[in-house]
Amino acid sequence: MKQTRWVVMGVSGCGKSTVGQALAAGMAVPFIEGDRFHPPANVAKMSAGIALDDADRAGWLLALREQIELADGGLVLACSALKRKYRDQLRLADPALNFAHLSGGRALIASRMRERAGHYMPLSLLDSQLRDLEPLQVDEGGMVLDILAPPRVLVARILAGF
């Protein structure tokens with residue numbers, strides 16, 4: 001299998017980490033959890049129920065871009081990548097970067113967010129993320145996947161598509 005690089009994207013609670021880890025295992029490449037690269041100020045802001053803006057995300061996206069640049073071979077990155085301009089920033093590190101956009105209804109995502117423990121992102125920020133979300137466009141490498149399917153099916157679809 002060629003060493004493809006993937007960003008598993010979508011709003012909080014859509015399953016980026018779960019799908020990303022399974023995809024990385026299936027590809028035998030490193031997995032990078034994008035949330036770990038948020039500076040403490042971003043985490044504090046989100047924990048307080050305050051949505052991040054473009055300025056807040058700038059340094060975070062730069063750190064993720066650097067991780068892509070440093071990678072030797074394939075990788076899978078879990079990152080919201082909500083806006084096209086954010087994805088464009090990540091593509092500066094690898095123009096062939098692929099995106100798996102995990103998409104689903106608000107009610108399903110909200111129920112998942114309520115069920116998870118220990119995450120700093122409160123349910124109150126889901127609507128701001130949905131407002132900011134610019135879905136993956138046809139001219140961007142990748143695919144849109146419905147999160148109603150189980151993670152193993154989503155991973156299989158990604159692997160089959162490339």
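Helix α4 (residues 84-91) lies across β1, β3 and β4 (98-103). Its direction makes about 150 degrees with that of β4. The model is predicted: local features need pLDDT of at least 70, side-chain atom pairs count only at pLDDT 80 or more, and totals for chains, interfaces and linings use all residues. Residues are numbered from 1 along each chain as its sequence is written, and side-chain values use heavy atoms, with hydrogens and water left out. Helices (H or I, at least four residues) and strands (E, at least two) are DSSP runs, numbered from the N terminus.

**The sheet**

- Five strands form an open sheet, in the order β2-β3-β1-β4-β5.
- The pairing is parallel; two strands pair if DSSP finds at least two bridges between them.
- β2 and β5 (142-146) stand at the edges with a single partner strand each, so one side of each has no neighbour in the sheet.
- Neighbouring strands are turned by 20 degrees against each other on average, direction ignored.
- Axes are lines fitted to C-alpha atoms, for helices over the stretch in contact, and angles run from 0 to 180 degrees between N-to-C directions.
- Helix α3 (residues 54-70) packs on this sheet and touches β1, β2 and β3. The direction of α3 makes about 170 degrees with that of β3.

- Strand β3 (residues 75-78) is covered on both faces.
- Leu75 and Leu77 on one side are buried, as are Val76 and Ala78 on the other (buried means under 20% relative accessible area, with a 1.4 Å probe and protein chains only).
- Strand β1 (residues 5-9) runs parallel to β3, joined to it by four bridges. Val7 stands opposite Leu77.
- Strand β2 (residues 31-33) also pairs with β3 in the parallel sense, over three bridges. Ile32 has Leu77 as its bridge partner.

**Helices α1 and α7**

- Helix α1 (residues 16-27) packs against helix α7 (residues 151-161) at an angle of about 50 degrees, with the axes 9 Å apart.
- That angle makes α1 oblique to α7 (under 35 degrees is roughly parallel, over 145 roughly antiparallel, 65 to 115 roughly perpendicular, and the rest oblique).
- From α1, the contact uses Thr18, Val19, Ala22, Leu23 and Met27. From α7 come Pro151, Leu154, Val155, Ile158 and Leu159. Contact means heavy atoms within 4.5 Å.

Conventions: Buried < 20%, exposed > 50% of the residue type's maximum accessible area, 1.4 Å probe, protein only.
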